[in-house]
Every structure is written in structure tokens, then in C-alpha cells.
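Some labels in a structural description rest on cut-offs.

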Amino acid sequence: MTSTPNDGPATPNDVGTASADGSAPPPSGSGSLLTFNAPLSSQRAHRLAADLAATSPALIVDLGCGWAELLLMTLAGAPEARGIGVDVHGPDLERARVTAAGRALGDRVDLVEGSAAQPTEPADIVLNIGAFHAFGSIPEALTALRGRVRDGGRLLFGVEYWEHPPTATELANMWEGTTAEDCPLLADLVDQAIAAGFRPIRTETVTREEWEEYESGHMADRELWLAAHPDHPDADAVRQGLDAQRSIWLRGHRDVMGFAYLTLAATDVPQPATA
């Protein structure tokens, strides 16, 4: 799973290059202190996984799986299912493989390095959380994902939306190049899912607590490193990157951008186009 961009300006150790004394900062965006690479509480994750597993799937595919925590949780509740996780980031997949092995799920899941947009066989359940960008826009992603879900199957779509139309000032404080067209309002998001051939079983949005855990958690390991190594040669670059990252959150998208989890049923009935 992935979500909104979390990396600040690149620093010399963003790729995890170890220094001679072993004191290099943690790679930016590693999420080493997080369970989920998305704003997602453990309570919500367990409910989502249980609901999906209850459909008795044979194949579960996670496109943009990150370290595949939700995929593995769903597989654990669906003992007859096999899973496929796809992600472009090798270190996240390595973390997923270790977790899968530790839960005796390694022989039931294939973790593949590559684009979420690469062809996969239609599945009973498809997860796409914070990774719609691989397909283009949100409507383009929903249309493409409909082709990946078998009729009657489920798509769990985790995606950003606007709490309200962002102002020019709010956009300027977010990631470079962010525009009002990047996300829809929540009602429009659900309409886009229906137009793509889905019916919304559940529409839910994350809480402020989930956002805060996610954003703070993505910075905490580097902040802890900085507190322990204030005079390290990389300290200034890490500090600047963290400050920029925090500003994007607190001055930019906080209370402007939300994150929704849509549990969608794939239908073979043509849906009317929305205006």
C-alpha cells in the first residue's frame, strides 16, 4: 500500500546508503515504525480484511501493495485463497516477504516487483490503495481496475479526495504541481466508481487520528535519528527534508485532503454515465 507523497527533498541517505560508522539516517519514506503504508487504523484494517475474506475468494490481487500488510491479513482470513502483490519498490516487497514467511503465508502469495498497471489475471478481490496514479487519473484507474475484478467480485479502492475545493493558497502549500483537478469531492468520487461499473457497498473516510498516525509515523524514525545524531554530516539535510514534509502536511493538505476507502462490488450491469 502506498498513499500521498511523503518524501521531502532528497537527502544523501534517502536510498539507505550506510555511512562508515553505521549511523546513516533511515531512508525517507521507509515507514519503519508504521504497520500500514496508508492512513489506516488496526481496527479498520481488521474489519476490512474480515469483510473481504468473508466473500470466500480464490484469488486476491493487491496492485501497489507496498509491504502488503492488508493483503496478508485478508489471506490469513481466507485459507483457500492465493494472493499476488505488485509494487515498484523492492525494499517494500522484501519487508512483505519477511512478514509473509513469519505468518506461514509465503507459499500462498507471490510478490512481484513492477508497475501496478502491468497485466494481471482477473481476481475475486483487488486492492488498490493509494496507487491509482499507476493508471493515470482516478476515473482512468477505476475503469482499468474494473477489468481486473471478476463480475461479482470486490475492489477495495483507497484514494484521496477533497474535503472542500482547495484554495490557491492551500494548493501552493502542498506538493509541487498539485492542482484542484488531482482529486474529486467525495460524492463525485463515488459517482466515478459507479460510472466505471461498480456499486458502492461501503463508503468510509479516515479519521484525523489515522491521518496523524500516518503522517507522524512516516517522519518519526528520522526524527528519532536526528535527536540522536544532531551533529551528523547529514543532519542538516535530514532536518530540512523533515521540515518541508511537515509543512506540506500541516500548512497544506491537513483538513483539505481526505482519504476514502470504497468497498466496491463489480457488476456486469451497465451503469449510467454521470454528468
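Q: Why does D236 count as partly exposed in this predicted model?
A: D236 has 48% relative accessibility. Buried needs under 20% and exposed needs over 50%. The value falls in between, so D236 is partly exposed.

Q: What makes R239 and D236 a salt bridge?
A: Their closest N and O atoms are 2.7 Å apart. The cut-off is within 4 Å, so the pair qualifies.

Q: How are R239 and D236 placed in helix α8?
A: They are three residues apart, so about one helical turn separates them. An α-helix has 3.6 residues a turn, so residues three or four places apart point the same way.

Q: Why is R239 called partly exposed?
A: Its relative accessibility is 30%.

Q: Why is E69 called buried?
A: E69 has 8% relative accessibility. The limit is under 20%, so E69 is buried.

Q: What does the salt bridge of E69 and R103 tie together?
A: The side chains meet at 2.7 Å, N to O. E69 lies in helix α2 and R103 in the loop between α3 and β3, so the bridge joins parts 34 residues apart in sequence.

Q: How do you know that the buried residues of α4 line one face of the helix?
A: These residues are I138, A141, L142, L145 and R146. Seen down the axis of α4, they fall within an arc of 135°, so they line one face. They pack against several elements, including β1, β4 and α6.

How values were computed: Residues are numbered from 1 along each chain as its sequence is written. This is a predicted model: local features need pLDDT of at least 70, side-chain atom pairs count only at pLDDT 80 or more; totals for chains, interfaces and linings use all residues. Side-chain values use heavy atoms; hydrogens and water are left out. Buried means under 20% relative accessible area, exposed over 50%, partly exposed in between (1.4 Å probe, protein chains only). Helices (H or I, at least four residues) and strands (E, at least two) are DSSP runs, numbered from the N terminus. The arc is that of the directions from the helix axis to the C-beta atoms. Contact means heavy atoms within 4.5 Å.
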